[in-house]
Amino acid sequence: MRSLNIPAGLVLCAVSSLALAVPVSFPGTNTGAIPDNDPNGRVVSFAVSGVIGPVASVELTADLTHTWAGDVTATLVAPSGVARLVVFGRLGTGRNSAGGDSSNLGGTYVFSDLGRPDLLPALLSLDSNTTLPAGNFRSTSPGAPGRSNAGGCPTSLRGVFAGLTAGEANGTWTLVVTDSFAGDLGSIGTTTLSLDALGPSIFANGFETAPAPAPEMLAPQGVSAPAHCINKVQADFTGDGLSDFVLARANGSNFDWFIREN
């Protein structure tokens with residue numbers, strides 16, 4: 001039998017390249033008009049497959065149009081509902097603006113943990129003639145009638161979806177986009193979900209160098225948060241400037257947390 005004279009380093013390099021995952025993007029289907037004043041909304045689906053390791057970071061890109069930004073809520077849901085997060089919702093809604101902000105959505109909006117903190121710039125004078133600029137933004141907590149106008153604090157896609165196993169991440173992800181009031185219309189166009197997953201280490205004894213963390217894994221949290229999101233009142237888990245009602249209950253070696261908004 002003839003033997004092949006292949007340098008050992010070449011073999012290791014080839015094996016390692018198969019062991020490490022790279023960010024993968026999945027196109028959304030069922031895009032189109034956002035149903036007006038309909039709690040069921042438009043459900044965009046992403047058929048995710050081939051994830052081989054725990055999710056490290058998530059990025060969502062969406063072409064959005066709407067003539068009243070404060071009407072719209074977008075919620076990203078992992079397969080089987082194992083994890084979900086409001087990406088943004090009811091922008092500008094609060095004590096002084098039950099209908100939310102009247103500016104328009106119109107462009108490509110990217111949501112990741114490396115984005116700017118506010119999709120709705122608090123210092124700008126926005127009205128129905130203004131379109132929120134496209135760009136890269138953090139996900140934010142939703143506004144709600146009756147709460148303070150200090151909502152919309154940055155949240156973390158990584159904090160919710162990072163760590164999902166391959167079994168939890170592979171499957172159908174959904175982006176549910178709803179419109180809360182009648183009269184203004186919008187749509188969602190080209191939409192992409194990108195997942196960065198950590199591949200398995202083929203030499204657990206340290207022979208192989210571990211893959212470098214994704215850039216979002218190294219991004220500091222809160223360094224560019226708006227002033228109203230810093231030094232919040234105690235037990236404010238919703239970013240509305242009010243203390244929430246919290247119950248922690250022992251469950252074996254873990255704790256179950258129950259939070260009710262104020």
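User: Where is arginine 90 found?

Analyst: Arginine 90 is found in the loop between strand 6 and strand 7, where strands (E, at least two residues) and helices (H or I, at least four) are DSSP runs numbered from the N terminus. This is a predicted model, in which local features need pLDDT of at least 70 and side-chain atom pairs count only at pLDDT 80 or more, while totals for chains, interfaces and linings use all residues. Residues are numbered from 1 along each chain as its sequence is written, and side-chain values use heavy atoms, with hydrogens and water left out.

User: Is arginine 90 buried or exposed, then?

Analyst: Arginine 90 counts as buried, because its relative accessibility is 10% and buried means under 20% relative accessible area, with exposed over 50% and partly exposed in between (1.4 Å probe, protein chains only). Its phi is near 50°, a positive value in a residue other than glycine.

User: What about phi of asparagine 37?

Analyst: Phi of asparagine 37 is near 50°, again a positive value in a residue other than glycine. Asparagine 37 lies in the loop between strand 2 (32-34) and strand 3 (38-48), and with a relative accessible area of 43% it is partly exposed.

User: What does alanine 182 touch, leaving out residues up to four places away in sequence?

Analyst: Alanine 182 touches Asp36 and Asn37, a contact being heavy atoms within 4.5 Å. Alanine 182 itself sits in the loop between strand 10 and strand 11 (186-197), and it is exposed, with a relative accessible area of 55%.

User: Changing topic, how many salt bridges does the structure hold?

Analyst: The structure holds one salt bridge, meaning a side-chain nitrogen of Lys or Arg within 4 Å of a carboxyl oxygen of Asp or Glu. It is formed by arginine 158 and aspartate 113, whose closest N and O atoms are 3.4 Å apart. The pair links distant parts of the chain, since arginine 158 is in helix 2 (residues 157-161) and aspartate 113 is in strand 7 (residues 104-116), 45 residues apart.

User: Are those two, arginine 158 and aspartate 113, buried or exposed?

Analyst: Arginine 158 is buried, and aspartate 113 is buried as well.

User: Which residues line the largest cavity?

Analyst: The lining of the largest cavity is made by Leu60, Ala62, Leu64, Ala74, Val87, Phe88, Phe111, Leu175, Val177 and Ile188. The elements giving two or more residues to this lining are strand 4 (55-66), strand 6 (84-89) and strand 10 (171-179), and strand 4 gives the most, with three residues. On a 1 Å grid over the protein atoms alone, a cavity is a set of points where a 1.4 Å probe fits but cannot get out, and lining residues have an atom within 4 Å of a point.

Key:
On a 1 Å grid over the protein atoms alone, a cavity is a set of points where a 1.4 Å probe fits but cannot get out, and a pocket is an open set with protein on both sides within 12 Å along at least five of seven lines; lining residues have an atom within 4 Å of a point.
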